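Here is a short tour of a ligand site and the domains around it. Please keep the viewer open as you read.

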Amino acid sequence: MSAKKVNVAIAGATGAVGNQMLECLEENDFPINNLKLLASEKSRGKRLEYKGETLKVEVLEEDSFKGVDIAIFSAGGGTSKKFAPCAAADGCIVVDNSSAWRMDPDVPLVVPEVNPHAIADYTKKNIIANPNCSTIQMVVALFPIYKKSGIKRIVVSTYQAVSGTGKKAIDELVEQTRSLMNFREPENLVYPHRIAFNCLPHIDDFLDNGYTKEEMKMLNETRKIFEDDSIGVTATTVRVPVIYGHSESVNIETKEFLSAEDVKKLMAEAPGVELVDDIANNVYPLAIDAAGGDLTQVGRIRQDESIENGINMWVVADNIRKGAATNAVQIARILAEEYI
Ligand code: A2P
């Protein structure tokens with residue numbers, strides 16, 4: 001489908017996801033008329049490259065969005081809460097990567113492989129939300145199974161890369177590793193504990209029910225995307241010393257029986273999924289292989305022998321690409337092709 005050339009802004013262009021956003025727009029050969037890069041006062045005058053051109057970063061302000069058709073936000077929840085309504089009021093459609101708008105009933109929460117139809121609801125607030133990175137890769141893998149046999153319950157444990165926290169966290173892992181290798185005391189600036197050579201069962205804030213916000217996002221967002229409040233999800237989200245690529249151990253109970261072979265066939269044909277499952281040759285999804293790509297890799301598919309209709313799988317994707325930038329650019333592309 002041909003897309004009209006549009007004016008695009010990236011809010012948070014200097015961050016880990018914002019940088020990736022530029023790369024994804026370029027790879028996508030996105031039909032851009034004018035590209036505006038926005039960040040905080042700290043980045044005023046900074047320059048970034050797009051398609052061989054050098055663009056100056058501007059300071060994000062309330063009137064930054066006049067004449068902009070699509071604004072992709074990745075500058076944290078507070079910034080989205082404050083500035084997305086300004087952009088929307090100026091007629092710009094916001095694709096927001098933060099958690100600020102995800103559960104708003106008037107804001108569609110979209111993964112293009114799963115619920116592209118929901119994009120049409122953007123008109124309610126002129127805002128579309130990109131789900132949490134851990135949710136995106138999980139629902140991309142599970143949707144074909146959900147359609148085929150229904151899913152009663154999901155038990156998921158995540159192994160999440162530090163890039164999800166932003167550039168500062170990448171620096172912290174590298175610095176702490178360097179310090180430890182040189183017998184120096186590492187500093188904890190971003191996380192409450194050392195992340196180098198460690199695993200932290202703590203992502204985002206703790207809630208009164210003992211879960212973290214990240215864990216509850218996996219429940220609430222999955223229900224919203226599948227449009228099914230009957231599905232049970234229990235999550236344990238863990239930060240691990242990996243820079244790019246989230247891994248997930250996913251256990252599901254389906255409504256109807258599916259064999260491991262049935263699931264492998266579904267995964268081989270699923271949009272956005274790559275089946276990586278050849279244990280005889282030690283082949284299974286790895287963060288280092290998924291990083292840099294847009295596919296959600298699925299492997300280690302096997303029957304859960306402890307229940308009647310259970311499957312276990314290992315799901316890996318690049319959290320900055322499919323978990324954030326790629327998903328947002330896919331949504332923006334559909335907007336440019338079908339709605340603007
Ligand atoms: P800046 O680099 O000027 O601070 P990351 O997730 O990698 O930490 O990146 C966050 C992104 O969000 C950066 O581009 C950052 O800009 C931007 N950002 C954070 N707070 C604001 C704000 N109040 N106004 C505009 N941009 C912001």
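What follows covers the model, the ligand site and the domains.

## About the model

This is a predicted model, in which local features need pLDDT of at least 70 and side-chain atom pairs count only at pLDDT 80 or more, while totals for chains, interfaces and linings use all residues. Residues are numbered from 1 along each chain as its sequence is written, and side-chain values use heavy atoms, with hydrogens and water left out.

## The ligand site

Around the ligand there are 15 residues, of which Thr14, Gly15, Ala16, Ser40 and Ser43 come nearest (a residue is near if one of its heavy atoms lies within 4 Å).

Oxygen atoms of the ligand lie 2.6 Å from a side-chain N or O atom of Ser40, 2.9 Å from a polar backbone atom of Ala16 and 3.2 Å from a side-chain N or O atom of Lys42. The protein buries 71% of the 580 Å² that the ligand exposes when taken alone (accessible areas by the Shrake-Rupley method with a 1.4 Å probe).

## The two domains

Domain 1 spans 6-131 + 324-338, and domain 2 spans 134-319 (bounds from an automatic or database domain assignment). Their contact takes 20 residues from domain 1 and 19 residues from domain 2, where contact means heavy atoms within 4.5 Å. The C-alpha centres of domain 1 and domain 2 are 25 Å apart.

Notes
Polar contact = N/O pair within 3.5 Å; in protein donor to acceptor, adjacent residues only side chain to side chain.
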